[in-house]
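Have the viewer open as you read.

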Protein chains: 2
Amino acid sequence: MTPAGRRILDAAGGLFYREGINAVGVALVSDTAGVTKKTLYDRFGSKDELVVHYLRRRHENWWAHLDERLAAAAAPRTLALMDAYLSHPELDVARGCAFINAAAELPPGHAGWRVIREHKEAVRARLAELIAEDAPGADAGDLAEHVFLLLEGAIAHRGIDGGDARVHKAHDLVARLLREAAPR
Amino acid sequence: MTPAGRRILDAAGGLFYREGINAVGVALVSDTAGVTKKTLYDRFGSKDELVVHYLRRRHENWWAHLDERLAAAAAPRTLALMDAYLSHPELDVARGCAFINAAAELPPGHAGWRVIREHKEAVRARLAELIAEDAPGADAGDLAEHVFLLLEGAIAHRGIDGGDARVHKAHDLVARLLREAAPR
DNA sequence: CCTGAGGTATACCGATCGGTATACATTCCA
DNA sequence: TGGAATGTATACCGATCGGTATACCTCAGG
């Protein structure tokens, strides 16, 4: 990735997330990156491709943050995953989940859909692993789906409520579920 | 509301929901409604106003459907609310929740935000009433928030998964929560 | 009777959309 | 040393955006 390419992705990352994908034109992205539109098209070919790169990078950054937090966390690490959503520096409390937002904007068949689905499935799978670790006796798949739904509901409402209250609430509910599933 | 106004709202309802608000121009709405752009602007003044009317009507239609289903339902009616999401004729399995989608597209300060927040709060409040009815002993507020998060997570993922599986899963989880909260 | 509300039809506005073309620098490496 | 590769700067393309203007039709009610 060339330096200009990186600056374009930086600009696109902020703008697509904060303003919405359809509301941001390629000219605004290139201007914000301090780059010509030609450079943007030389690197990414089309806006649709740029959107796919934006989503991929968003997932990679989030995943790196999650790994870092999990490595430093004590049990139960399921709760550390919930906390990672609160500490993720790219998450704007007024905009919620970038992937849910993108799903609301992208037309059917857009290549970004695959990135969105893979991201959500990766989170769900990681959750199942952590739950198997925190509540060895329980039905990890069932509990993982339960926790995943709580998490997604809370994250989706971050943008609507404009606050973290529901994420904290989900955190507490998950803590209780874990206690019930694996009483020490 | 004049006949042309109603047809405009019908067209806008389908288009804004299925294609997204920013992806649909006023000309497409008026053409689909079989109406002139002038008529659209005479009735609604601006696209932003039309969007607010769209969201309000969406809420009213959903609420009427919910009331109808609840009136015909046996206990536990909390589950009837979950079922209403599956039977709502305006819900497209590939597009999820119209309000969550709109929240992803509307700029901050848009008048539609108020409609979105009021809609979600109305659902949460109705849920609390039903839970108080289904599980009289339990902490209705706490359980309502739990169920609400499960519901929102499932609805938000309807559009992403392209299916009802998570809504059914949430339904089953809620059924179990109710059983635990009010053992007969 | 005639006025005003609700319409249609059509043309237009400036701005912005995604995307392309042309011409000219810089830098690095074979 | 001499091309690719990576850039900048600028102008342009047709299409569409939200919104307005003008002219005319129809029909119900005081």
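A residue counts as near a strand if one of its heavy atoms lies within 4 Å of it. With that cut-off, 60% of the atoms of DNA strand C within 4 Å of the protein belong to sugar or phosphate, and the rest belong to bases.

Some housekeeping: this is a predicted model, where local features need pLDDT of at least 70 and side-chain atom pairs count only at pLDDT 80 or more, while totals for chains, interfaces and linings use all residues. Residues are numbered from 1 along each chain as its sequence is written, chains are lettered from A and ligands numbered from 1 in the order in which they are written, and side-chain values use heavy atoms, with hydrogens and water left out.

**The DNA side**

| Side chain | Phosphate oxygen of | Distance |
|---|---|---|
| Tyr41(A) | DNA strand C | 2.9 Å |
| Lys47(A) | DNA strand C | 2.6 Å |
| Arg43(B) | DNA strand C | 2.9 Å |
| Thr36(A) | DNA strand D | 3.0 Å |
| Arg43(A) | DNA strand D | 2.8 Å |
| Lys47(B) | DNA strand D | 2.7 Å |

For DNA strand D, two or more residues of the nearby surface come from each of helix 1 (3–19) and helix 3 of chain A, plus helix 3 of chain B. Helices here are DSSP runs (H or I, at least four residues), numbered from the N terminus. The surface near DNA strand C has six nonpolar, six polar and five charged residues. In this scheme Ala, Val, Leu, Ile, Met, Phe, Trp, Tyr, Cys and Pro are nonpolar, Asp, Glu, Lys and Arg are charged, and the others, Gly among them, are polar.

**The largest pocket**

A pocket, on a 1 Å grid over the protein atoms alone, is an open set of points with protein on both sides within 12 Å along at least five of seven lines, and lining residues have an atom within 4 Å of a point. The largest one has a volume of about 340 Å³, taken as the space filled by probe spheres set on the points, which are joined across faces, edges and corners. Its lining has 19 residues, with His146(A), Leu177(A), Glu180(A), Leu177(B) and Glu180(B) nearest the centre. Helix 9 of chain B gives the most to this lining, with five residues. By class, the pocket lining has nine nonpolar, two polar and eight charged residues.

**Inside chain B**

Helix 5 (residues 77–87) of chain B is mostly covered, with eight of its 11 residues buried (under 20% relative accessible area, 1.4 Å probe, protein chains only). Among the buried ones are Arg77(B), Leu81(B), Met82(B) and Tyr85(B). The buried residues of this helix pack against helix 4, helix 7, helix 8 (140–161) and helix 9 (165–181) of chain B, where contact means heavy atoms within 4.5 Å.

Technical notes: Polar contact = N/O pair within 3.5 Å; in protein donor to acceptor, adjacent residues only side chain to side chain. Buried < 20%, exposed > 50% of the residue type's maximum accessible area, 1.4 Å probe, protein only. 1 Å grid on protein atoms, 1.4 Å probe; cavity = no way out; pocket = protein on both sides within 12 Å on 5 of 7 lines; lining within 4 Å.
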